[in-house]
Amino acid sequence: TRLDVERRRIDCGEVTLDCALAGDPARPLVVLLHGFPESWYSWRHQIPVLAEHFRVAVPSLRGYGASDRPTRVSDYRIQHLTADVRGLIRALGRDRAFVVGHDWGGGIAWSFAMDYPDACAKLAVCNCPHPVVMANALRRSPRQLLRSWYMFFFQIPRLPEWVLGRRDLEALGRGFRQMVRRRDREVFSDRDIDRIKESLRPPGALRPAINYYRATFRDPGAVKHYAGRRIACPTLLIWAEEDDALGKELTLGMEPLFSGPFAIKYIPGCSHWVQQDEPELVTDLMIDFLDPSHPAN
């Protein structure tokens with residue numbers, strides 16, 4: 001499917017974000033949020049199909065690609081990230097949107113649904129645990145603590161940027177491919193890896209991506225802020241079962257976190273990069289869930 005997008009820089013309030021836009025502006029708005037260490041290109045398989053049904057807006061998050069790159073660690077605290085999404089929706093002339101996120105984009109999506117419940121018509125998250133669930137797992141699960149070793153490594157000043165940046169981001173390219181389980185087809189082409197690296201090559205571009213993790217560790221009050229809040233909008237969690245970084249147990253017993261409809265769809269044999277590893281299946285699940293013929297409550 002041909003990837004035909006309009007690229008536009010959009011003032012979201014605190015920052016201006018580089019955004020890929022597709023689909024009829026009169027249709028319901030879907031905002032797709034990427035994870036670490038990617039860009040809007042993470043959703044390349046979903047954009048053209050979703051654009052047949054929706055207005056699709058896919059920002060590169062603050063600090064990534066051609067979006068603004070604030071310099072302080074505190075600029076990447078969650079309240080700034082959810083405000084960016086609210087600002088983007090408003091800048092596109094809407095009061096609310098369907099919000100979809102993967103990995104860090106999923107973390108922002110969970111928090112957005114709690115920070116701005118009136119602006120989140122439906123919520124879909126791919127392989128990112130609810131922030132309260134993740135915080136509890138890091139305290140109580142030695143297994144998840146081991147899987148999350150990189151989060152602690154990222155707290156070291158400067159060293160992570162050097163390790164990931166050397167030899168033209170070799171470690172990142174290798175990491176994408178090594179996490180994929182399937183061997184029957186190529187999930188990441190050389191061109192895909194180059195596009196991923198492209199947004200992280202400029203001097204200083206790796207630091208903001210890593211600062212997301214630093215800001216989280218320096219803001220312990222963030223989890224307390226979301227504890228006890230329940231998500232009211234219809235919510236779908238899509239979970240690839242072969243995620244090296246995040247265990248399936250993070251999806252269990254989540255029902256008390258919602259006052260609205262909640263469902264989980266598991267994808268066996270699939271890696272953390274779920275929307276790129278099983279693109280057709282994930283896109284179909286998203287369209288079924290977001291179907292404009294079933295308006296959000």
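Visitor: How do helix 7 and helix 8 pack, in angle and axis distance?
Guide: This is a predicted model. In it, helix 7 (residues 159–179) and helix 8 (residues 190–198) pack at an angle of about 125 degrees. Their axes are 10 Å apart.

Visitor: Oblique or roughly perpendicular?
Guide: Oblique. Roughly perpendicular covers 65 to 115 degrees, and this pair is at about 125 degrees.

Visitor: Is the crossing right-handed or left-handed?
Guide: Helix 7 and helix 8 cross in the right-handed sense.

Visitor: Which residues meet there?
Guide: Helix 7 brings Asp-168, Leu-169, Glu-170, Gly-173, Phe-176 and Arg-177. Helix 8 brings Asp-190, Ile-193, Ile-196 and Lys-197.

Visitor: And by class, what is in that contact of helix 7 with helix 8?
Guide: Five charged residues, four nonpolar and one polar.

Visitor: Switching to helix 2 and helix 3. What angle do they pack at?
Guide: About 75 degrees, with the axes 9 Å apart. Helix 2 spans residues 78–91 and helix 3 spans residues 104–115. That angle makes helix 2 roughly perpendicular to helix 3.

Visitor: Which residues make the contact?
Guide: From helix 2, Ile-78, Leu-81, Thr-82, Val-85, Arg-86 and Ile-89. From helix 3, Trp-104, Gly-107, Ile-108, Ser-111, Phe-112 and Asp-115.

Visitor: How do those divide, nonpolar, polar and charged?
Guide: The contact of helix 2 with helix 3 has seven nonpolar residues, three polar and two charged.

Visitor: Now the strands. Why is strand 4 described as largely enclosed?
Guide: Because five of the five residues of strand 4 (residues 55–59) are buried. The rest of the structure largely encloses the strand.

Visitor: Which way do its residues point?
Guide: Arg-55, Ala-57 and Pro-59 point one way from strand 4. Val-56 and Val-58 point the other way. In a regular strand, side chains alternate between the two faces of the sheet.

Visitor: Does strand 2 pair with strand 4 in the parallel or antiparallel sense?
Guide: Antiparallel, over four bridges. Strand 2 covers residues 16–22. Ala-20 has Val-58 of strand 4 as its bridge partner.

Visitor: And strand 3, parallel or antiparallel to strand 4?
Guide: Parallel, over three bridges. Strand 3 runs over residues 29–33. There, Val-30 has Val-56 of strand 4 as its bridge partner.

Visitor: Last one. Which residues are buried in helix 4?
Guide: In helix 4 (residues 131–140), the buried ones are Pro-131, Val-132, Val-133, Met-134, Ala-135 and Ala-137.

Visitor: What do the buried residues of helix 4 pack against?
Guide: Helix 3, helix 5 (142–147), helix 6 (149–153) and helix 10 (221–226).

Definitions and conventions: Residues numbered from 1 in each chain as written. Predicted model: local features only at pLDDT ≥ 70, side-chain atom pairs only at ≥ 80, totals over all residues. Heavy atoms only, no water. Buried < 20%, exposed > 50% of the residue type's maximum accessible area, 1.4 Å probe, protein only. Helix = DSSP H or I, 4+ residues; strand = E, 2+ residues; numbered from the N terminus. Pairing = 2+ DSSP bridges. Axes fitted to C-alpha atoms, helices over the stretch in contact; angles between N-to-C directions. Parallel < 35°, antiparallel > 145°, perpendicular 65-115°, else oblique. Left-handed = near helix turned anticlockwise from the far one by under 90°. Contact = heavy atoms within 4.5 Å. Nonpolar A, V, L, I, M, F, W, Y, C, P; charged D, E, K, R; others polar.
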